[in-house]
Amino acid sequence: MKLSWRPLRTLLPALALALSAAALTAPEAAAASSDDARPAAAAGKSVSSGWNDYSCKPSAAHPRPVVLVHGTLGNSVDNWLVLAPYLKNRGYCVFSLDYGKLPGVPLFYGLGPIAKSAEELSAYVDKVRDATGADKVDLVGHSQGGAMPRYYLNFLGGKDKVNSLTGIAPNNHGTTLSGLVTLMDKVPGARSALGGLTPGLTDQAIGSDYLKKMASVPDTVPGVRYTVIATKYDEVVTPYTSGYLTGPDVRNVLLQNLCAVDFSEHIAIGTVDRVVAHEVTNALDPANATPTTCASAVTG
């Protein structure tokens with residue numbers, strides 16, 4: 001088995017962080033994991049004040065609220081410091097949730113069982129629909145946040161409440177994690193040990209029970225429009241094509257086909273890439289879509 005050092009150098013600290021975070025038990029940490037906890041708390045609340053506005057009413061031009069779903073080890077603020085204001089400034093009602101919290105683990109979310117996280121998304125969508133009066137929402141997610149909603153759509157009745165799902169580097173069919181999954185499975189008990197601490201990670205690894213359940217149903221459900229935006233430089237969802245979906249009303253997009261010199265990898269594509277932000281607006285409003293190019297980084 002050949003493992004390249006560059007992806008490992010990027011991923012090992014994240015895995016170590018997840019494991020060490022799962023071991024936190026101090027009362028202070030538990031308090032910090034409340035709904036009000038955010039990285040750089042005061043700054044985060046100020047920055048995010050432009051979205052999660054429950055008085056926002058969708059317009060005729062943008063009749064559905066957009067719910068942003070963060071990725072693994074992300075949260076409702078940090079993941080969306082570029083995309084949320086981008087959409088808000090274009091007239092969308094924008095909301096984002098925290099999900100997949102582990103007891104005593106502040107700030108780094110998306111680590112709980114994915115099926116449970118999908119239940120949290122279901123409750124949040126209902127909250128947004130009640131506040132805005134909208135029948136349906138549009139979901140936009142990064143990484144796990146682009147894939148987890150499929151459980152909600154397939155098994156929790158979400159298909160009747162969702163118009164579209166746009167996944168940015170989503171892990172729809174599992175990942176080898178640049179070979180780390182193969183390495184993990186060579187260590188007896190490693191998968192179950194890691195799964196006991198951070199099930200949101202192992203649920204995404206190829207061969208997991210969660211992915212077997214997802215494979216038992218079609219990729220898509222009728223009535224929901226799907227877009228996948230992937231990058232060939234993804235070092236977390238490997239191979240990157242595992243994020244693609246098959247079925248009716250699906251559009252799979254490779255970022256480098258929009259802008260050949262866009263080198264965004266797994267984190268950048270979902271957090272700072274304005275070319276992707278422009279393509280997300282096309283997915284939300286295909287009737288008024290405009291070409292996405294490298295220039296979209298500054299003009300989009």
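Y151, F155 and Y210 form one aromatic cluster, in a model that is predicted. Rings of Phe, Tyr and Trp (its six-membered ring) count as a pair if their centres lie within 6.5 Å; planes under 30 degrees apart are called stacked, over 60 edge-to-face, and the rest tilted.

Two notes on reading the numbers: residues are numbered from 1 along each chain as its sequence is written, and side-chain values use heavy atoms, with hydrogens and water left out. Since the model is predicted, local features need pLDDT of at least 70 and side-chain atom pairs count only at pLDDT 80 or more, while totals for chains, interfaces and linings use all residues.

**The aromatic cluster**

- A search of the whole structure finds 5 aromatic pairs.
- In one of them, the ring centres of Y151 and F155 are 4.9 Å apart and the planes stand at 50 degrees, so this pair is tilted.
- Y151 and F155 are 4 residues apart in helix α7 (residues 149–155), which means that about one helical turn separates them. Helices here are DSSP runs (H or I, at least four residues) and strands are runs of E (at least two), numbered from the N terminus.
- Is Y151 buried or exposed? Y151 is buried, with a relative accessible area of 9%. Buried means under 20% relative accessible area, exposed means over 50%, and partly exposed lies in between (1.4 Å probe, protein chains only).
- F155, at 30% relative accessibility, counts as partly exposed.
- The rings of Y151 and Y210 have centres 5.8 Å apart and planes at 25 degrees, so they are stacked.
- Because Y151 lies in helix α7 and Y210 in helix α11 (residues 209–215), their pair ties together parts that are 59 residues apart in sequence.
- Y210 counts as buried, at 11% relative accessibility.

**Charges over rings**

- The charged end of K213 sits over the ring of F155, 4.7 Å from its centre. For this label, NZ of Lys or CZ of Arg must be within 6 Å of the ring centre and within 35 degrees of the ring normal.
- The charged end of R90 sits over the ring of Y86, 3.5 Å from its centre.

**Salt bridges**

- The whole structure holds 7 salt bridges according to a search; each is a side-chain nitrogen of Lys or Arg within 4 Å of a carboxyl oxygen of Asp or Glu.
- D138 forms one with R64, and their closest N and O atoms are 3.0 Å apart.
- D138 lies in strand β3 (residues 137–142) and R64 in the loop between α3 (41–47) and β1 (66–69), so the pair ties together parts 74 residues apart in sequence.
- D138 is buried, with a relative accessible area of 2%, whereas R64 is partly exposed at 21%.
- K161 and D126 also meet in a salt bridge (3.0 Å, N to O).
- K161 lies in the loop between α7 and β4 (162–168) and D126 in helix α5 (residues 114–132), so here the parts tied together are 35 residues apart in sequence.
- R150 and D219 meet in a salt bridge as well (3.5 Å, N to O), and both residues are buried.
- Salt bridges that share partners join D126, R129 and K161 into one network.

**D273 and helix α14**

- Where is D273 found? D273 is in the loop between α13 (266–271) and α14 (274–284).
- D273 is buried yet has no salt bridge, and the nearest side chain of opposite charge, R274, is 8.1 Å away. Lys and Arg count as positive and Asp and Glu as negative, while His and the chain ends are not counted.
- D273 caps the N-terminal end of α14, with a side-chain oxygen 2.9 Å from the backbone nitrogen of V275.
- In α14, 10 of the 11 residues are buried, so this helix is largely enclosed by the rest of the structure.

**S264, a partner of D273**

- S264 lies in the loop between α12 (255–258) and α13, and is buried, with a relative accessible area of 11%.
- A polar contact of 2.6 Å joins the side chains of S264 and D273. A polar contact is a pair of N or O atoms within 3.5 Å; within protein, one must be able to donate a hydrogen and the other to accept it, and residues adjacent in sequence count only if both atoms are side-chain atoms.
- Another polar contact, of 3.0 Å, joins the side chains of S264 and D262.
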